[in-house]
Amino acid sequence: MSTKIRIKSLNGWFGEKQVLKDINLDIEENSITAIIGPSGCGKTTLIRCINRMHEVTPGARVEGSVLLDEQDIYKEDPVKVRERIGMVFQRPNPFPTMSVLENAVAGLKLKGIRNRKLLAEKAEEVIKAVGLWDEVKNELNKPGTSLSGGQQQRLCIARALAVEPEVLLMDEPASALDPVSTMRLEDLIYELKKEYTIVIVTHNMQQAARVSDYTAFLYMGELIEYSNTKELFERPKNDLTERYISGRFG
Amino acid sequence: MEKFRIFTAVFALSLTALAMLLLTQLIISSLPVMETFGFRFVIESVWDPVKEVFGALPFIYGTLVTSFIALLIAVPLSIGAAVFLTQYISPKLSYVLSFLIEIIAAIPSVVIGLWGIFVLIPFIREEVGPFLIEYLGFIPVFQGPVYGPSILTGALILTIMIVPIITSMTKDAINTVPILQREGMIALGATRWEVITKVTLPYARPGIIGGVMLGLGRAIGETMAITMVIGNAPEIPASLLAPGDTLASVIANQFSEATSALHESALIELGLILFIITIVINICARLILRREVARG
Ligand SMILES: Nc1ncnc2c1ncn2[C@@H]1O[C@H](COP(=O)(O)OP(=O)(O)O)[C@@H](O)[C@H]1O
Ligand SMILES: [Mg+2]
(Lines give C-alpha, C1' and ligand atoms only; values in the text may rest on other atoms or scores of the structure.)
(Ligands and ions follow the chains in the order given, each with its own letter.)
Protein backbone atom coordinates (compact mmCIF):
# COMPACT_ATOMS: atom_id res chain seq x y z
CA MET A 1 0.00 0.00 0.00
CA SER A 2 1.23 3.43 -0.83
CA THR A 3 -0.06 6.95 -0.59
CA LYS A 4 -1.78 8.16 -3.77
CA ILE A 5 -2.81 11.61 -2.65
CA ARG A 6 -1.21 13.74 0.04
CA ILE A 7 -3.17 16.80 1.14
CA LYS A 8 -0.90 19.26 2.95
CA SER A 9 -1.95 22.34 4.95
CA LEU A 10 -4.94 22.90 2.73
CA ASN A 11 -7.05 26.00 3.30
CA GLY A 12 -10.09 26.93 1.23
CA TRP A 13 -12.21 30.07 0.98
CA PHE A 14 -15.40 31.35 -0.59
CA GLY A 15 -14.70 35.07 -0.79
CA GLU A 16 -13.76 36.11 2.75
CA LYS A 17 -15.24 33.03 4.36
CA GLN A 18 -12.78 30.28 5.21
CA VAL A 19 -14.42 26.87 4.85
CA LEU A 20 -11.38 24.57 5.02
CA LYS A 21 -8.85 25.00 7.82
CA ASP A 22 -5.42 23.47 7.59
CA ILE A 23 -6.40 20.04 6.31
CA ASN A 24 -3.72 17.32 6.28
CA LEU A 25 -4.78 13.98 4.88
CA ASP A 26 -3.05 11.07 3.12
CA ILE A 27 -5.15 8.89 0.85
CA GLU A 28 -4.16 5.28 0.18
CA GLU A 29 -3.94 3.90 -3.32
CA ASN A 30 -6.66 1.41 -4.36
CA SER A 31 -8.74 2.08 -1.31
CA ILE A 32 -12.02 3.80 -0.61
CA THR A 33 -11.78 6.82 1.63
CA ALA A 34 -15.01 8.27 2.97
CA ILE A 35 -15.41 11.87 4.06
CA ILE A 36 -18.23 12.33 6.56
CA GLY A 37 -19.50 15.23 8.60
CA PRO A 38 -22.58 17.38 9.13
CA SER A 39 -23.95 19.37 6.22
CA GLY A 40 -22.00 22.57 5.55
CA CYS A 41 -18.81 21.30 7.19
CA GLY A 42 -16.81 21.52 3.94
CA LYS A 43 -16.95 17.98 2.50
CA THR A 44 -17.84 19.12 -1.01
CA THR A 45 -15.26 21.89 -0.91
CA LEU A 46 -12.54 19.50 0.22
CA ILE A 47 -13.23 16.97 -2.51
CA ARG A 48 -13.40 19.74 -5.10
CA CYS A 49 -9.95 20.91 -4.06
CA ILE A 50 -8.56 17.50 -5.04
CA ASN A 51 -9.28 17.96 -8.76
CA ARG A 52 -9.07 21.75 -8.80
CA MET A 53 -12.82 22.21 -9.28
CA HIS A 54 -13.08 24.49 -6.25
CA GLU A 55 -11.31 27.32 -8.08
CA VAL A 56 -13.90 27.16 -10.90
CA THR A 57 -16.43 28.86 -8.60
CA PRO A 58 -16.10 32.67 -8.85
CA GLY A 59 -14.53 34.07 -5.69
CA ALA A 60 -13.27 30.69 -4.48
CA ARG A 61 -9.64 30.35 -3.43
CA VAL A 62 -7.23 27.63 -2.22
CA GLU A 63 -3.92 27.61 -0.36
CA GLY A 64 -1.68 24.69 0.47
CA SER A 65 -0.93 21.69 -1.65
CA VAL A 66 -2.38 18.47 -2.95
CA LEU A 67 0.20 15.93 -4.10
CA LEU A 68 -0.77 13.26 -6.59
CA ASP A 69 2.04 10.68 -6.72
CA GLU A 70 4.14 13.27 -4.89
CA GLN A 71 3.58 15.93 -7.59
CA ASP A 72 1.73 19.09 -6.54
CA ILE A 73 -1.38 19.35 -8.76
CA TYR A 74 -1.55 23.06 -8.00
CA LYS A 75 1.66 23.50 -9.98
CA GLU A 76 0.26 21.68 -13.02
CA ASP A 77 -2.25 22.35 -15.79
CA PRO A 78 -5.73 21.93 -14.22
CA VAL A 79 -7.05 20.36 -17.43
CA LYS A 80 -4.43 17.61 -17.21
CA VAL A 81 -5.08 17.14 -13.49
CA ARG A 82 -8.77 16.55 -14.15
CA GLU A 83 -7.97 13.89 -16.72
CA ARG A 84 -6.15 11.94 -14.00
CA ILE A 85 -8.69 12.63 -11.25
CA GLY A 86 -12.29 12.05 -12.33
CA MET A 87 -15.37 13.32 -10.53
CA VAL A 88 -18.97 12.22 -10.02
CA PHE A 89 -21.39 14.84 -8.79
CA GLN A 90 -24.10 14.86 -6.16
CA ARG A 91 -26.85 14.95 -8.75
CA PRO A 92 -26.51 12.98 -11.99
CA ASN A 93 -25.59 15.39 -14.79
CA PRO A 94 -25.52 13.60 -18.13
CA PHE A 95 -25.48 15.96 -21.11
CA PRO A 96 -29.04 16.23 -22.50
CA THR A 97 -27.86 17.13 -26.00
CA MET A 98 -25.80 13.93 -26.25
CA SER A 99 -26.94 10.33 -26.58
CA VAL A 100 -26.17 7.68 -23.97
CA LEU A 101 -23.23 6.54 -26.08
CA GLU A 102 -21.93 10.06 -26.69
CA ASN A 103 -22.20 10.79 -22.97
CA ALA A 104 -20.09 7.77 -22.12
CA VAL A 105 -17.23 8.90 -24.37
CA ALA A 106 -17.58 12.69 -24.07
CA GLY A 107 -14.26 12.88 -22.26
CA LEU A 108 -12.48 10.77 -24.86
CA LYS A 109 -13.66 13.07 -27.62
CA LEU A 110 -12.06 15.92 -25.69
CA LYS A 111 -8.79 14.06 -25.96
CA GLY A 112 -9.19 14.18 -29.73
CA ILE A 113 -10.27 10.59 -30.33
CA ARG A 114 -12.51 10.61 -33.40
CA ASN A 115 -12.47 6.98 -34.55
CA ARG A 116 -16.12 5.89 -34.31
CA LYS A 117 -15.34 2.21 -33.87
CA LEU A 118 -12.89 2.91 -31.09
CA LEU A 119 -15.37 5.22 -29.36
CA ALA A 120 -18.17 2.64 -29.61
CA GLU A 121 -15.91 -0.06 -28.16
CA LYS A 122 -14.81 2.14 -25.30
CA ALA A 123 -18.41 3.17 -24.61
CA GLU A 124 -19.43 -0.49 -24.40
CA GLU A 125 -16.51 -1.26 -22.11
CA VAL A 126 -17.27 1.48 -19.60
CA ILE A 127 -21.03 1.04 -19.72
CA LYS A 128 -20.45 -2.65 -18.97
CA ALA A 129 -18.03 -1.73 -16.20
CA VAL A 130 -20.79 0.18 -14.38
CA GLY A 131 -23.28 -2.65 -14.92
CA LEU A 132 -25.54 -0.64 -17.17
CA TRP A 133 -25.04 -2.40 -20.49
CA ASP A 134 -27.93 -4.86 -20.33
CA GLU A 135 -30.32 -2.09 -19.39
CA VAL A 136 -29.32 0.45 -22.07
CA LYS A 137 -27.82 -1.52 -24.95
CA ASN A 138 -30.97 -0.90 -26.99
CA GLU A 139 -31.17 2.76 -26.04
CA LEU A 140 -27.65 3.91 -26.83
CA ASN A 141 -28.90 6.59 -29.20
CA LYS A 142 -31.46 8.10 -26.86
CA PRO A 143 -30.57 11.28 -24.94
CA GLY A 144 -28.55 10.61 -21.79
CA THR A 145 -31.28 12.29 -19.77
CA SER A 146 -33.91 9.74 -20.86
CA LEU A 147 -32.56 7.18 -18.39
CA SER A 148 -33.74 6.77 -14.78
CA GLY A 149 -31.90 8.63 -11.99
CA GLY A 150 -29.85 5.60 -10.92
CA GLN A 151 -28.96 4.78 -14.52
CA GLN A 152 -27.97 8.39 -15.16
CA GLN A 153 -25.63 8.35 -12.20
CA ARG A 154 -24.00 5.13 -13.37
CA LEU A 155 -23.69 6.64 -16.84
CA CYS A 156 -21.88 9.58 -15.24
CA ILE A 157 -19.49 7.16 -13.56
CA ALA A 158 -18.95 5.41 -16.90
CA ARG A 159 -18.25 8.81 -18.44
CA ALA A 160 -15.60 9.49 -15.79
CA LEU A 161 -14.04 6.02 -16.21
CA ALA A 162 -13.72 6.38 -19.98
CA VAL A 163 -11.04 9.02 -19.53
CA GLU A 164 -9.02 6.37 -17.62
CA PRO A 165 -8.39 8.36 -14.45
CA GLU A 166 -6.34 7.08 -11.55
CA VAL A 167 -8.54 8.60 -8.89
CA LEU A 168 -12.31 8.87 -8.72
CA LEU A 169 -13.95 11.53 -6.54
CA MET A 170 -17.61 11.09 -5.68
CA ASP A 171 -19.68 13.74 -3.94
CA GLU A 172 -22.66 12.05 -2.27
CA PRO A 173 -23.27 10.07 -5.47
CA ALA A 174 -26.29 8.27 -4.06
CA SER A 175 -28.09 11.18 -2.44
CA ALA A 176 -30.57 11.54 -5.32
CA LEU A 177 -31.16 7.80 -5.70
CA ASP A 178 -33.71 5.31 -4.34
CA PRO A 179 -32.54 2.54 -1.94
CA VAL A 180 -32.23 -0.15 -4.62
CA SER A 181 -30.15 2.07 -6.93
CA THR A 182 -28.08 3.08 -3.91
CA MET A 183 -27.26 -0.55 -3.10
CA ARG A 184 -26.24 -1.22 -6.68
CA LEU A 185 -24.10 1.89 -6.71
CA GLU A 186 -22.34 0.85 -3.50
CA ASP A 187 -21.58 -2.58 -4.97
CA LEU A 188 -20.17 -0.87 -8.04
CA ILE A 189 -17.98 1.47 -5.99
CA TYR A 190 -16.66 -1.52 -4.08
CA GLU A 191 -15.77 -3.22 -7.38
CA LEU A 192 -14.04 -0.13 -8.71
CA LYS A 193 -11.50 0.11 -5.93
CA LYS A 194 -9.52 -2.72 -7.52
CA GLU A 195 -8.47 -0.32 -10.23
CA TYR A 196 -9.02 3.14 -8.82
CA THR A 197 -8.34 5.15 -5.74
CA ILE A 198 -11.73 6.37 -4.57
CA VAL A 199 -12.72 9.28 -2.36
CA ILE A 200 -16.40 9.41 -1.52
CA VAL A 201 -18.29 12.10 0.34
CA THR A 202 -21.35 10.96 2.20
CA HIS A 203 -23.53 12.22 5.00
CA ASN A 204 -24.84 8.70 5.44
CA MET A 205 -22.73 7.02 8.11
CA GLN A 206 -24.02 3.52 7.37
CA GLN A 207 -22.88 4.02 3.82
CA ALA A 208 -19.42 5.12 4.93
CA ALA A 209 -19.21 2.13 7.29
CA ARG A 210 -20.37 -0.27 4.55
CA VAL A 211 -18.12 0.70 1.70
CA SER A 212 -15.04 2.53 2.90
CA ASP A 213 -11.64 1.43 4.15
CA TYR A 214 -10.76 4.75 5.72
CA THR A 215 -12.96 7.50 7.06
CA ALA A 216 -12.27 11.17 7.65
CA PHE A 217 -14.57 13.15 9.91
CA LEU A 218 -14.81 16.81 9.08
CA TYR A 219 -16.39 19.40 11.32
CA MET A 220 -16.68 23.13 10.60
CA GLY A 221 -13.89 23.03 8.07
CA GLU A 222 -11.48 21.10 10.27
CA LEU A 223 -10.36 17.50 10.04
CA ILE A 224 -11.30 16.12 13.43
CA GLU A 225 -10.41 12.48 13.06
CA TYR A 226 -9.06 10.22 10.36
CA SER A 227 -8.46 6.52 10.59
CA ASN A 228 -9.35 3.08 9.42
CA THR A 229 -13.16 2.96 9.07
CA LYS A 230 -13.74 0.12 11.51
CA GLU A 231 -11.69 1.82 14.15
CA LEU A 232 -13.30 5.21 13.67
CA PHE A 233 -16.77 3.80 14.05
CA GLU A 234 -15.98 1.38 16.88
CA ARG A 235 -13.44 3.32 18.90
CA PRO A 236 -13.58 7.02 17.99
CA LYS A 237 -10.81 8.92 19.69
CA ASN A 238 -12.38 12.33 19.58
CA ASP A 239 -15.41 13.32 21.57
CA LEU A 240 -16.94 15.18 18.59
CA THR A 241 -16.57 12.12 16.38
CA GLU A 242 -18.19 10.00 19.00
CA ARG A 243 -21.14 12.34 19.30
CA TYR A 244 -21.53 12.58 15.53
CA ILE A 245 -21.47 8.86 14.79
CA SER A 246 -23.81 8.10 17.65
CA GLY A 247 -26.25 10.52 16.06
CA ARG A 248 -26.26 13.09 18.82
CA PHE A 249 -25.92 15.98 16.39
CA GLY A 250 -25.73 16.84 12.68
CA MET B 1 -63.68 33.13 -11.85
CA GLU B 2 -66.21 32.26 -14.53
CA LYS B 3 -66.53 35.91 -15.45
CA PHE B 4 -62.78 36.20 -15.73
CA ARG B 5 -62.63 33.25 -18.09
CA ILE B 6 -65.28 34.72 -20.37
CA PHE B 7 -63.46 38.03 -20.26
CA THR B 8 -60.12 36.50 -21.33
CA ALA B 9 -61.82 34.32 -23.94
CA VAL B 10 -63.35 37.42 -25.50
CA PHE B 11 -59.96 39.04 -25.69
CA ALA B 12 -58.27 35.98 -27.16
CA LEU B 13 -60.99 35.55 -29.75
CA SER B 14 -61.04 39.21 -30.71
CA LEU B 15 -57.27 39.13 -31.31
CA THR B 16 -57.63 36.10 -33.55
CA ALA B 17 -60.56 37.75 -35.30
CA LEU B 18 -58.50 40.89 -35.80
CA ALA B 19 -55.69 38.92 -37.47
CA MET B 20 -58.18 37.13 -39.72
CA LEU B 21 -59.86 40.43 -40.55
CA LEU B 22 -56.53 41.96 -41.49
CA LEU B 23 -55.73 39.02 -43.73
CA THR B 24 -59.15 39.15 -45.48
CA GLN B 25 -58.88 42.91 -45.96
CA LEU B 26 -55.47 42.50 -47.54
CA ILE B 27 -56.77 39.76 -49.83
CA ILE B 28 -59.89 41.74 -50.85
CA SER B 29 -57.87 44.86 -51.60
CA SER B 30 -55.37 42.84 -53.66
CA LEU B 31 -58.09 41.20 -55.75
CA PRO B 32 -57.89 43.69 -58.68
CA VAL B 33 -54.18 42.89 -59.15
CA MET B 34 -54.70 39.19 -58.60
CA GLU B 35 -57.35 39.19 -61.35
CA THR B 36 -55.14 41.14 -63.76
CA PHE B 37 -51.81 39.41 -63.21
CA GLY B 38 -52.60 36.20 -61.33
CA PHE B 39 -49.54 34.21 -60.27
CA ARG B 40 -47.38 36.20 -62.70
CA PHE B 41 -47.37 38.94 -60.06
CA VAL B 42 -44.86 37.06 -57.90
CA ILE B 43 -42.56 35.84 -60.68
CA GLU B 44 -42.54 38.93 -62.91
CA SER B 45 -39.63 41.31 -62.40
CA VAL B 46 -40.85 44.50 -64.07
CA TRP B 47 -42.44 47.12 -61.83
CA ASP B 48 -43.66 50.13 -63.79
CA PRO B 49 -46.54 52.07 -62.23
CA VAL B 50 -46.76 54.42 -65.26
CA LYS B 51 -47.38 51.58 -67.69
CA GLU B 52 -49.36 49.72 -65.02
CA VAL B 53 -47.13 46.66 -65.15
CA PHE B 54 -46.57 45.11 -61.75
CA GLY B 55 -44.16 42.32 -60.84
CA ALA B 56 -43.17 41.75 -57.22
CA LEU B 57 -40.05 39.67 -57.69
CA PRO B 58 -37.46 42.49 -57.25
CA PHE B 59 -38.93 43.32 -53.84
CA ILE B 60 -39.25 39.71 -52.73
CA TYR B 61 -35.65 39.22 -53.82
CA GLY B 62 -34.50 42.40 -52.03
CA THR B 63 -36.28 41.49 -48.81
CA LEU B 64 -34.99 37.93 -48.69
CA VAL B 65 -31.44 38.71 -49.79
CA THR B 66 -30.90 41.65 -47.44
CA SER B 67 -32.32 39.67 -44.52
CA PHE B 68 -30.29 36.59 -45.40
CA ILE B 69 -27.01 38.52 -45.60
CA ALA B 70 -27.86 40.32 -42.38
CA LEU B 71 -28.35 36.96 -40.64
CA LEU B 72 -25.16 35.59 -42.15
CA ILE B 73 -23.19 38.40 -40.54
CA ALA B 74 -25.27 38.94 -37.41
CA VAL B 75 -25.56 35.35 -36.16
CA PRO B 76 -21.85 34.59 -35.67
CA LEU B 77 -21.22 38.14 -34.45
CA SER B 78 -24.04 37.97 -31.90
CA ILE B 79 -23.17 34.49 -30.62
CA GLY B 80 -19.54 35.56 -30.29
CA ALA B 81 -20.56 38.71 -28.44
CA ALA B 82 -22.89 36.77 -26.12
CA VAL B 83 -20.20 34.21 -25.31
CA PHE B 84 -17.71 36.99 -24.62
CA LEU B 85 -20.16 38.91 -22.43
CA THR B 86 -21.19 35.89 -20.37
CA GLN B 87 -18.01 33.78 -20.19
CA TYR B 88 -14.97 35.97 -20.51
CA ILE B 89 -15.50 39.18 -18.55
CA SER B 90 -16.66 40.20 -15.09
CA PRO B 91 -20.42 40.52 -14.52
CA LYS B 92 -20.02 44.26 -13.92
CA LEU B 93 -18.24 44.97 -17.20
CA SER B 94 -20.67 42.65 -18.96
CA TYR B 95 -23.58 44.64 -17.56
CA VAL B 96 -22.18 47.90 -18.88
CA LEU B 97 -21.33 46.54 -22.33
CA SER B 98 -24.69 44.76 -22.63
CA PHE B 99 -26.42 48.00 -21.79
CA LEU B 100 -24.55 49.77 -24.59
CA ILE B 101 -25.46 47.04 -27.08
CA GLU B 102 -29.10 47.10 -26.05
CA ILE B 103 -29.21 50.87 -26.52
CA ILE B 104 -28.70 50.27 -30.24
CA ALA B 105 -31.98 48.36 -30.28
CA ALA B 106 -33.71 51.36 -28.76
CA ILE B 107 -32.50 53.89 -31.36
CA PRO B 108 -35.42 54.90 -33.61
CA SER B 109 -34.99 53.32 -36.99
CA VAL B 110 -35.11 56.67 -38.81
CA VAL B 111 -32.07 57.79 -36.80
CA ILE B 112 -30.18 54.67 -37.80
CA GLY B 113 -31.23 55.46 -41.38
CA LEU B 114 -29.71 58.95 -41.07
CA TRP B 115 -26.50 57.45 -39.73
CA GLY B 116 -26.61 55.09 -42.73
CA ILE B 117 -26.84 58.00 -45.15
CA PHE B 118 -24.10 60.09 -43.58
CA VAL B 119 -21.67 57.40 -42.44
CA LEU B 120 -22.38 53.99 -43.90
CA ILE B 121 -23.07 55.02 -47.51
CA PRO B 122 -19.83 57.03 -47.90
CA PHE B 123 -17.96 54.21 -46.20
CA ILE B 124 -19.35 51.66 -48.67
CA ARG B 125 -18.66 53.95 -51.60
CA GLU B 126 -15.10 54.81 -50.65
CA GLU B 127 -13.80 51.81 -48.73
CA VAL B 128 -15.83 48.60 -48.72
CA GLY B 129 -17.01 48.74 -52.36
CA PRO B 130 -13.62 49.37 -53.99
CA PHE B 131 -12.03 46.79 -51.70
CA LEU B 132 -14.57 44.10 -52.61
CA ILE B 133 -14.29 44.89 -56.32
CA GLU B 134 -10.53 44.74 -56.24
CA TYR B 135 -10.13 41.49 -54.30
CA LEU B 136 -13.40 39.63 -54.89
CA GLY B 137 -14.47 41.29 -58.13
CA PHE B 138 -14.15 38.02 -60.04
CA ILE B 139 -17.36 36.92 -58.27
CA PRO B 140 -20.35 38.54 -60.08
CA VAL B 141 -21.99 39.63 -56.80
CA PHE B 142 -19.07 41.99 -56.11
CA GLN B 143 -18.93 43.87 -59.40
CA GLY B 144 -19.07 47.63 -59.79
CA PRO B 145 -19.86 50.43 -60.12
CA VAL B 146 -20.46 51.51 -56.52
CA TYR B 147 -22.72 54.46 -55.75
CA GLY B 148 -23.14 53.79 -52.05
CA PRO B 149 -26.81 52.93 -51.68
CA SER B 150 -27.07 49.21 -52.39
CA ILE B 151 -28.41 45.83 -51.35
CA LEU B 152 -25.24 45.35 -49.30
CA THR B 153 -25.70 48.69 -47.53
CA GLY B 154 -29.28 47.70 -46.69
CA ALA B 155 -28.10 44.34 -45.40
CA LEU B 156 -25.50 46.01 -43.16
CA ILE B 157 -28.09 48.39 -41.73
CA LEU B 158 -30.28 45.39 -40.93
CA THR B 159 -27.29 43.66 -39.36
CA ILE B 160 -26.77 46.56 -36.99
CA MET B 161 -30.43 46.48 -36.04
CA ILE B 162 -30.66 42.74 -35.33
CA VAL B 163 -27.32 42.13 -33.60
CA PRO B 164 -28.62 43.54 -30.28
CA ILE B 165 -31.73 41.35 -30.42
CA ILE B 166 -29.86 38.12 -31.17
CA THR B 167 -27.06 38.93 -28.71
CA SER B 168 -29.47 39.59 -25.88
CA MET B 169 -31.54 36.44 -26.53
CA THR B 170 -28.38 34.33 -26.82
CA LYS B 171 -27.07 35.77 -23.55
CA ASP B 172 -30.30 34.88 -21.79
CA ALA B 173 -30.16 31.37 -23.24
CA ILE B 174 -26.54 30.90 -22.13
CA ASN B 175 -27.40 32.10 -18.63
CA THR B 176 -29.98 29.33 -18.26
CA VAL B 177 -27.34 26.60 -18.71
CA PRO B 178 -27.01 24.91 -15.29
CA ILE B 179 -23.61 25.20 -13.59
CA LEU B 180 -23.74 21.44 -12.99
CA GLN B 181 -23.78 20.88 -16.75
CA ARG B 182 -20.70 23.00 -17.31
CA GLU B 183 -18.87 21.53 -14.33
CA GLY B 184 -19.63 18.04 -15.64
CA MET B 185 -17.61 18.86 -18.74
CA ILE B 186 -14.84 20.70 -16.87
CA ALA B 187 -14.38 17.64 -14.63
CA LEU B 188 -13.73 15.52 -17.73
CA GLY B 189 -10.74 17.70 -18.56
CA ALA B 190 -12.33 20.23 -20.90
CA THR B 191 -10.81 23.62 -21.61
CA ARG B 192 -12.92 26.73 -21.30
CA TRP B 193 -13.46 26.76 -25.05
CA GLU B 194 -14.51 23.09 -25.11
CA VAL B 195 -17.06 23.75 -22.39
CA ILE B 196 -18.55 26.52 -24.52
CA THR B 197 -18.74 24.53 -27.75
CA LYS B 198 -19.69 21.15 -26.30
CA VAL B 199 -22.03 22.05 -23.46
CA THR B 200 -23.02 25.70 -23.21
CA LEU B 201 -23.98 26.44 -26.81
CA PRO B 202 -25.67 23.06 -27.51
CA TYR B 203 -27.70 23.41 -24.32
CA ALA B 204 -28.66 26.98 -25.20
CA ARG B 205 -29.53 26.13 -28.81
CA PRO B 206 -33.33 26.39 -28.64
CA GLY B 207 -33.05 29.85 -27.11
CA ILE B 208 -30.48 30.94 -29.66
CA ILE B 209 -32.69 29.76 -32.51
CA GLY B 210 -35.55 31.72 -30.99
CA GLY B 211 -33.36 34.82 -30.98
CA VAL B 212 -32.30 34.29 -34.59
CA MET B 213 -35.92 33.93 -35.67
CA LEU B 214 -36.89 37.09 -33.81
CA GLY B 215 -34.02 38.90 -35.53
CA LEU B 216 -35.06 37.55 -38.91
CA GLY B 217 -38.63 38.73 -38.34
CA ARG B 218 -37.34 42.16 -37.47
CA ALA B 219 -35.07 42.26 -40.54
CA ILE B 220 -37.81 41.25 -42.94
CA GLY B 221 -40.27 43.80 -41.63
CA GLU B 222 -37.80 46.66 -41.15
CA THR B 223 -38.86 49.63 -43.26
CA MET B 224 -37.55 53.07 -42.47
CA ALA B 225 -33.82 52.54 -42.03
CA ILE B 226 -33.43 50.28 -45.02
CA THR B 227 -35.51 52.54 -47.30
CA MET B 228 -33.05 55.32 -46.64
CA VAL B 229 -29.98 53.35 -47.77
CA ILE B 230 -30.98 50.68 -50.27
CA GLY B 231 -31.37 52.94 -53.29
CA ASN B 232 -35.05 52.18 -54.06
CA ALA B 233 -34.53 50.63 -57.49
CA PRO B 234 -37.11 48.01 -58.53
CA GLU B 235 -34.50 45.71 -59.99
CA ILE B 236 -32.80 42.38 -59.40
CA PRO B 237 -29.16 43.36 -59.78
CA ALA B 238 -26.50 40.69 -60.16
CA SER B 239 -24.22 42.71 -57.89
CA LEU B 240 -24.83 43.27 -54.19
CA LEU B 241 -23.19 46.67 -54.68
CA ALA B 242 -26.06 47.85 -56.88
CA PRO B 243 -29.25 49.47 -55.56
CA GLY B 244 -32.39 47.40 -54.96
CA ASP B 245 -35.58 47.59 -52.94
CA THR B 246 -37.61 45.60 -50.40
CA LEU B 247 -41.30 44.86 -49.94
CA ALA B 248 -41.66 47.01 -46.85
CA SER B 249 -39.63 49.81 -48.33
CA VAL B 250 -41.53 50.11 -51.64
CA ILE B 251 -44.87 50.10 -49.85
CA ALA B 252 -43.77 52.95 -47.59
CA ASN B 253 -42.32 54.91 -50.48
CA GLN B 254 -45.07 54.60 -53.04
CA PHE B 255 -48.30 54.25 -51.13
CA SER B 256 -49.02 57.92 -50.49
CA GLU B 257 -48.43 58.76 -54.12
CA ALA B 258 -49.95 55.71 -55.79
CA THR B 259 -50.74 56.68 -59.39
CA SER B 260 -53.83 54.50 -59.85
CA ALA B 261 -56.21 52.10 -58.11
CA LEU B 262 -54.33 49.19 -59.65
CA HIS B 263 -51.01 50.56 -58.32
CA GLU B 264 -52.53 50.83 -54.87
CA SER B 265 -53.87 47.29 -55.10
CA ALA B 266 -50.44 46.03 -56.21
CA LEU B 267 -48.82 47.65 -53.17
CA ILE B 268 -51.39 45.99 -50.92
CA GLU B 269 -50.60 42.63 -52.46
CA LEU B 270 -46.93 43.28 -51.65
CA GLY B 271 -48.11 43.80 -48.08
CA LEU B 272 -49.94 40.49 -48.25
CA ILE B 273 -46.78 38.73 -49.47
CA LEU B 274 -44.79 40.30 -46.64
CA PHE B 275 -47.42 39.15 -44.17
CA ILE B 276 -47.30 35.61 -45.54
CA ILE B 277 -43.48 35.52 -45.42
CA THR B 278 -43.49 36.51 -41.75
CA ILE B 279 -46.16 33.93 -40.94
CA VAL B 280 -44.16 31.21 -42.70
CA ILE B 281 -41.03 32.19 -40.74
CA ASN B 282 -42.97 32.05 -37.49
CA ILE B 283 -44.34 28.62 -38.29
CA CYS B 284 -40.84 27.39 -39.21
CA ALA B 285 -39.49 28.79 -35.94
CA ARG B 286 -42.16 26.95 -33.98
CA LEU B 287 -41.50 23.68 -35.81
CA ILE B 288 -37.75 23.95 -35.23
CA LEU B 289 -38.23 24.79 -31.57
CA ARG B 290 -40.67 21.92 -31.06
CA ARG B 291 -38.16 19.50 -32.59
CA GLU B 292 -35.40 20.96 -30.41
CA VAL B 293 -37.43 20.60 -27.24
CA ALA B 294 -38.41 17.02 -28.12
CA ARG B 295 -34.77 16.22 -28.76
CA GLY B 296 -33.38 17.88 -25.63
N1 LIG C 1 -20.67 28.72 -3.89
C2 LIG C 1 -20.53 29.05 -2.60
N3 LIG C 1 -20.39 30.36 -2.24
C4 LIG C 1 -20.25 30.69 -0.94
N5 LIG C 1 -20.24 29.84 0.08
C6 LIG C 1 -20.38 28.53 -0.21
C7 LIG C 1 -20.54 28.07 -1.55
N8 LIG C 1 -20.66 26.72 -1.54
C9 LIG C 1 -20.59 26.36 -0.23
N10 LIG C 1 -20.42 27.43 0.56
C11 LIG C 1 -20.26 27.42 2.05
O12 LIG C 1 -19.09 26.72 2.36
C13 LIG C 1 -19.29 25.88 3.47
C14 LIG C 1 -18.92 24.45 3.12
O15 LIG C 1 -19.79 23.99 2.11
P16 LIG C 1 -19.71 22.56 1.47
O17 LIG C 1 -18.31 22.24 1.19
O18 LIG C 1 -20.67 22.52 0.35
O19 LIG C 1 -20.25 21.65 2.68
P20 LIG C 1 -20.80 20.17 2.68
O21 LIG C 1 -20.53 19.56 1.34
O22 LIG C 1 -20.08 19.50 3.79
O23 LIG C 1 -22.26 20.26 2.98
C24 LIG C 1 -20.75 26.03 3.88
O25 LIG C 1 -20.79 26.90 4.97
C26 LIG C 1 -21.40 26.66 2.70
O27 LIG C 1 -22.42 27.53 3.10
MG1 LIG D 1 -21.90 18.83 -0.11
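The points that follow take up a helix and a loop residue of chain A, and then a surface patch on chain B.

1. The structure is a predicted model, and the remarks below should be read with that in mind.

2. After H1(A) comes Arg52(A), which has a positive phi, near 60°.

3. Pro96(A) lies in the loop that connects strand E6 (85-88) with helix H3 (100-104) of chain A. Its relative accessibility is 10%, and because burial is defined as under 20%, Pro96(A) counts as buried. Between Pro96(A) and Lys142(A) there are 9.5 Å in space, taken from C-alpha to C-alpha, while in sequence the two are 46 residues apart.

4. On chain B, a nonpolar surface patch of about 820 Å² is formed by Tyr95(B), Val96(B), Phe99(B), Leu100(B), Ile103(B), Ile107(B), Val110(B), Val111(B) and Met224(B). Which helices of chain B each supply at least two residues of this nonpolar patch? They are helix H4 (91-106) and helix H5 (109-136), and it is H4(B) that gives the largest share, with 5 residues. Phe99(B), one of the patch residues, is placed in helix H4 of chain B.

How values were computed: Residues numbered from 1 in each chain as written. Chains lettered and ligands numbered in written order. Predicted model: local features only at pLDDT ≥ 70, side-chain atom pairs only at ≥ 80, totals over all residues. Heavy atoms only, no water. Helix = DSSP H or I, 4+ residues; strand = E, 2+ residues; numbered from the N terminus. Buried < 20%, exposed > 50% of the residue type's maximum accessible area, 1.4 Å probe, protein only. Patch = residues over 30% accessible without salt bridge, like charges linked within 9 Å, V, L, I, M, F, W, Y side chains within 5 Å. Areas by Shrake-Rupley, 256 points an atom, 1.4 Å probe, with all protein chains shown as cover. Salt bridge = Lys/Arg side-chain N within 4 Å of Asp/Glu carboxyl O.
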